[in-house]
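Visitor: I would like to learn how to read a model of this kind. Please take me through the features one at a time.

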There are 2 protein chains.
Amino acid sequence: MQKTKARTLAGFMELEPSKQIVFNNMKEKIKSVFELNGLSPMDTPILEYSEVLLAKAGGETEKQIYRFTKGENDICMRFDLTVPFAKYSAIFENQLIFPFKRYQIGKVYRGERTQKGRLREFYQCDMDIIDEGELSIYADAECLSVLSQIFESLDYYIKIRVSNRKLLSGALSFYNLQEKSAEILNILDKQDKIGPEKTLEELSKITTKSNEILHLTAIDSVEKLQKIDINNEVFNQGVEEINELFNILKILKPKNEVVLDLRIIRGLDYYTGTIFEANLLGLCEPISVGGGGRYDNLAENYTNKKLAGVGVSIGLSRLFDVLDKNNLLKFTNTSFSKVAIIPLGDTLNHCFELSRVLKNNNVSNEVLYFNKSFKNKLNYANRKKVPYIIVVGEKEIKAQIYGLKNMETGKVIEDKLENLIKILKE
Amino acid sequence: MQKTKARTLAGFMELEPSKQIVFNNMKEKIKSVFELNGLSPMDTPILEYSEVLLAKAGGETEKQIYRFTKGENDICMRFDLTVPFAKYSAIFENQLIFPFKRYQIGKVYRGERTQKGRLREFYQCDMDIIDEGELSIYADAECLSVLSQIFESLDYYIKIRVSNRKLLSGALSFYNLQEKSAEILNILDKQDKIGPEKTLEELSKITTKSNEILHLTAIDSVEKLQKIDINNEVFNQGVEEINELFNILKILKPKNEVVLDLRIIRGLDYYTGTIFEANLLGLCEPISVGGGGRYDNLAENYTNKKLAGVGVSIGLSRLFDVLDKNNLLKFTNTSFSKVAIIPLGDTLNHCFELSRVLKNNNVSNEVLYFNKSFKNKLNYANRKKVPYIIVVGEKEIKAQIYGLKNMETGKVIEDKLENLIKILKE
């Protein structure tokens, strides 16, 4: 029979079981934090009408999109979880209870060139809080707090850099540089990579205020920001919002560091206030693993209802990928079996009884029923890195005493099943 | 600003929060049962090379597929979780530990006409057990057991009808009807709908053995099957396998009814032995909510390694849809908040302290910090159906005694926070 080569598209992650378990555990932890914070779950289709998904997008985004026709429909695969959320909130605007807080974990698609090892299919983990009309600044702080809680729960350190769109846009207005705003922001966006000197050089080419701008973006505390000599209404509003935000954070006490940093730009043009970015610490260079910000009018392309919101997005696949490539993940188990039950002699029926009792006690397990040698079964449990085994022979059945072997330490505890269950449930 | 109509593609399920929570709970329960049984998790891309995904398919399947090109790639969206699993097991054949047991929960895509309310995007929940060369018949029994456990955990009753491909194919050989096999199976497949009389009538048109065939498919016990007068090697093997399977089930004791029923056909031509189908009971007519069977050679299109397997697939979206349409689901909560903390006066800071303590104790909650009236906040908690509220005023802070109000009963318990947490954790 002719064979087709089994292969997976470039940029599409597919993991062997031991890695998949670690990935899923990370996903579960993120989900738990979202739910602990009372967010509603959401799940939207991966396919949408192109007209709906691209109501706003254009340029770069559109080029990356997976788009096709099926029957009479012009269809796109979602490229983020924000646009589908905007659509969703317009559809359900009369059923939702505001402020509406949601989370969504799902795959998104971007057909980028994959040279840089970029993923084309990846999980995003989003939360958003939206309200009719005005949304409290506490919501921004809550997003930062949840972002921090997530990385606490994953056991990695991040630094969250926070700014506000109004600061730079107000300042550029004050310096009469509105028209060069896109160019200037573009240069500032590269500052992390090219450093302040090169940034100054590039800014000097287009404005005489390069020193002032660089000085502004170097500011790292609200106090210094409040003292700066820029008199512009939008700027002042930005300062006030940032001040309020950091005051609330003093109460919420996120365990990861949150700093003011005007060098973050966040490309997406729908942000209008608070913006932030989370960098994973502990690697040679800090990696961006999430971010978000505030938008004034989420669903303006679909409805007249004004929905102000703030959101966070965490790039889970990218995070996993970076951690994996830096050997920061520990892969052990390949399944969820906590116990492998191995028959010795003709004891299979009894093994299944045991298995049922363990499952009733919520202890995951499997009976090694397959028609292979005892040694082969031991080897199977070993290779699968099942944490415990119980060997069941005639002797064990008669005495109703079983040996629970810890496969890592080699230690065996012999006891009644009910006592072994207590150990397994610890 | 011009608006785009917010709408979702036909056949794509999108749920409001209270329904999404119920859907997710069902998904979580299914996942838990898979994990309790020690299965490894899997996650494969939604997009695959068309050449890979369609290595075997053809005809009907191919017409339903979402297929397109992007750059130089001819791409398909997966239409089930079995073909991607076959590809996966060929790619990882040297890393997997056999027998390999996996589960996968994910969306699949079929661009069917949607007249009948059929879904085009839907969740499937699959498990499979594969082994190199021969696979123990215990694996078939394990699949049936897990299928039963899943519906126990969902709290619905199913009847699992089991047959074996070898029975009918052996019998038709015995009657020298191999060449009319497809036609006959096609008629038998409709028996549930058209009834035995009409079936007999249709069979009579193409064979003189219509009575014998109908008599065979009416058999409902292994004992009767063993007594039937068909002398054919394949048939006898089928009887032996069914007998063994039912003997193992006597040990595994699934709580849902499992019956022999030769009237189930299961269209997919890759099944070679055991086949089964689960029908949801309690509705006006029984609805198929899952099924599966055994295949001799899973990955034959991709590798020379022979992988025998048996699998189950549960149509979660369809199950949810049927239950919902029959008003069998109860929708209450719209979020995961167990407690809403409501400030009375200037007590917001203290509310956040409380919130943190509750979260540290794994009690999901939210602080109603938004800038609205107290009455409005009560109303919000009520509409969201948050089970408990705590109102925090100066009095509560001074006394360190809080009132926990059960929103359903209206009962308030006043106590120290640590005692309230005990109640909330129950």
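Visitor: What share of the contacts in chain A with a separation of 6 or more comes from residues 24 or more positions apart?

Guide: Two residues are in contact if their C-beta atoms, placed from the backbone, lie within 7 Å. In chain A, residues 24 or more positions apart make up 69% of the contacts with a separation of 6 or more. This is a predicted model, in which local features need pLDDT of at least 70, side-chain atom pairs count only at pLDDT 80 or more, and totals for chains, interfaces and linings use all residues. Residues are numbered from 1 along each chain as its sequence is written, while chains are lettered from A and ligands numbered from 1 in the order in which they are written.

Visitor: Into which domains is chain A divided?

Guide: Domain bounds come from an automatic or database domain assignment. Here they give domain 1 (13–152 + 289–316), domain 2 (158–280) and domain 3 (339–425). The C-alpha centres of domain 1 and domain 3 of chain A are 44 Å apart.

Visitor: How should I read the open sheet of five strands?

Guide: Strands of a sheet pair through backbone hydrogen bonds, either parallel or antiparallel. Strands (E, at least two residues) and helices (H or I, at least four) are DSSP runs, numbered from the N terminus, and two strands pair if DSSP finds at least two bridges between them. In chain A the strand order is 13-12-14-15-16, with mixed pairing. Strand 13 (365–367) and strand 16 (412–415) of chain A are the edges; each has a single partner strand, so one side of each lacks a neighbour in the sheet. From one strand to the next, the twist averages 20°.

Visitor: How many bridges join strand 15 of chain A to strand 16 of chain A?

Guide: Four bridges join this antiparallel pair, with strand 15 covering residues 402–406. A:Gly403 has A:Glu414 in strand 16 as its bridge partner.

Visitor: Which helix lies across strand 12 and strand 14 of chain A?

Guide: Axes are lines fitted to C-alpha atoms, for helices over the stretch in contact, and angles run from 0 to 180 degrees between N-to-C directions. Helix 14 (residues 374–384) of chain A lies across both strands, at about 180° to strand 12.
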